[in-house]
Amino acid sequence: MKLLSQILQNNNCDYLAMRRVIILNSFFIIGMIAFASFATINLLLTQDYLVSLLDLALFIIFLLLYIDLNKKKNLQRASIIGTFIIAVFMLLFVYLNHNAGFGLIWTIFVPVFGVALFGSKQGMFISFVYYLLLFSLLFYGLHHWKEPTWDLLSFLRFVFASLVLLWVLYVTESSFEKVSAILEKMTYTDALTELYNRRKIDEIMEEKCYEYERYGTPLSIAILDIDDFKEINDTHGHDIGDKVLSELSSLLKANSRKSDIIARWGGEEFMFIMQNTQKKNAIESMEKLREVIAKHSFETIGHITCSIGVCELTPDISSANKLFSCADQALYRSKNNGKNSVSY
């Protein structure tokens, strides 16, 4: 489970990805145990050598997939290959085994894993294609299989039960996706301002610093601090202070570029990540924003001002921590220079 540990260590709260890791690892391990057991039983007890060889092939494939997943950490590839292999195996199993011993019960694993690994919409499409092939094969069996447990009524029951199962899977997965989206928003979003929080900024900056190191992509950041915010809280109360923060957040979003990423850095401080932006353009952008804030009349308290510190990624300032420290020092320079200003 090294891949799951890596996701957690990177503070990545992608619940769907975590679940896919757990499902795939469990799927491959259980598959290896099951197919090794089936291969042994079919070889020694039933002496069905063709099915035994098929089981052995699946064991080897699942072993290789398990090793590849934990070594290369490619979730998408493991999901696609794993689902494709199990779907092909189930169709071959039905073709060779028919419904002997009510073996059709095993066919439910394809939609279960398909929906769980690819999500409600894509998983439903995969399941529909799979069931279309399976139902065609089963309908063919009505006229060609010499199977006493398989007739038209059995076929209709199986089709109905499969479609009900597919609907249940879809509803369950859709609900999980909605809950996951809510949890992710709660994890990455500040409740008061509805901006990104510090956790999300740390994650974004790790990616941006890598892009700068690898491709030299320009990046500037800015830390904006409300001047004399403590006086607002002391004079008008914290409820008014919260309203100011909320109103300012809306003002920042309305007057920033679409490419800018805005977050609440903490307290009355806000962080801007300006992608593909050098310091000159970053300073100009923040100057315009500072003027907009100074002219805006806030409910209850009237006008406020902000101090802003700007810094750009450079070969000497190439890590997130150094960049944050640089912008913080620039912010204090603005404070010491009389506030309501932008410093670099």
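Contact here means heavy atoms within 4.5 Å. In this predicted model, Ile201, Asp202, Met205 and Cys209 of helix H8 meet Ala320, Leu323 and Phe324 of helix H12.

**Packing of H8 and H12**
- Helix H8, which covers residues 198-215, packs against helix H12, residues 320-336, at an angle of about 110°, and their axes are 10 Å apart.
- Since angles of 65 to 115 degrees count as roughly perpendicular, H8 and H12 are therefore described as roughly perpendicular to each other.
- The residues of the contact of H8 with H12 comprise six nonpolar, no polar and one charged.

**Glu269, a buried acidic residue**
- Glu269 belongs to strand E3, which spans residues 269-275.
- Although Glu269 is buried, it has no salt bridge, and the nearest side chain of opposite charge, that of Arg198, is 6.3 Å away.
- When neighbours within four places in sequence are left aside, Glu269 is in contact with Ile223, Leu224, Asp225, Arg264, Asp328 and Leu331.

**Positive phi outside glycine**
- Glu194, which is not a glycine, has a positive phi of about 60°; this residue lies in the loop between helix H7 (152-188) and H8, and Glu194 is exposed, with a relative accessible area of 55%.
- Asn340, likewise not a glycine, has a positive phi of about 50°; this residue is placed in the loop between H12 and strand E5 (342-343), where Asn340 is partly exposed, with a relative accessible area of 28%.

Terms used
Residues are numbered from 1 along each chain as its sequence is written. This is a predicted model: local features need pLDDT of at least 70, side-chain atom pairs count only at pLDDT 80 or more; totals for chains, interfaces and linings use all residues. Side-chain values use heavy atoms; hydrogens and water are left out. Axes are lines fitted to C-alpha atoms, for helices over the stretch in contact, and angles run from 0 to 180 degrees between N-to-C directions. Helices (H or I, at least four residues) and strands (E, at least two) are DSSP runs, numbered from the N terminus. Angles under 35 degrees count as roughly parallel, over 145 as roughly antiparallel, 65 to 115 as roughly perpendicular and the rest as oblique. Ala, Val, Leu, Ile, Met, Phe, Trp, Tyr, Cys and Pro count as nonpolar, Asp, Glu, Lys and Arg as charged, and the others, Gly among them, as polar. Buried means under 20% relative accessible area, exposed over 50%, partly exposed in between (1.4 Å probe, protein chains only). Lys and Arg count as positive and Asp and Glu as negative; His and the chain ends are not counted. A salt bridge is a side-chain nitrogen of Lys or Arg within 4 Å of a carboxyl oxygen of Asp or Glu.
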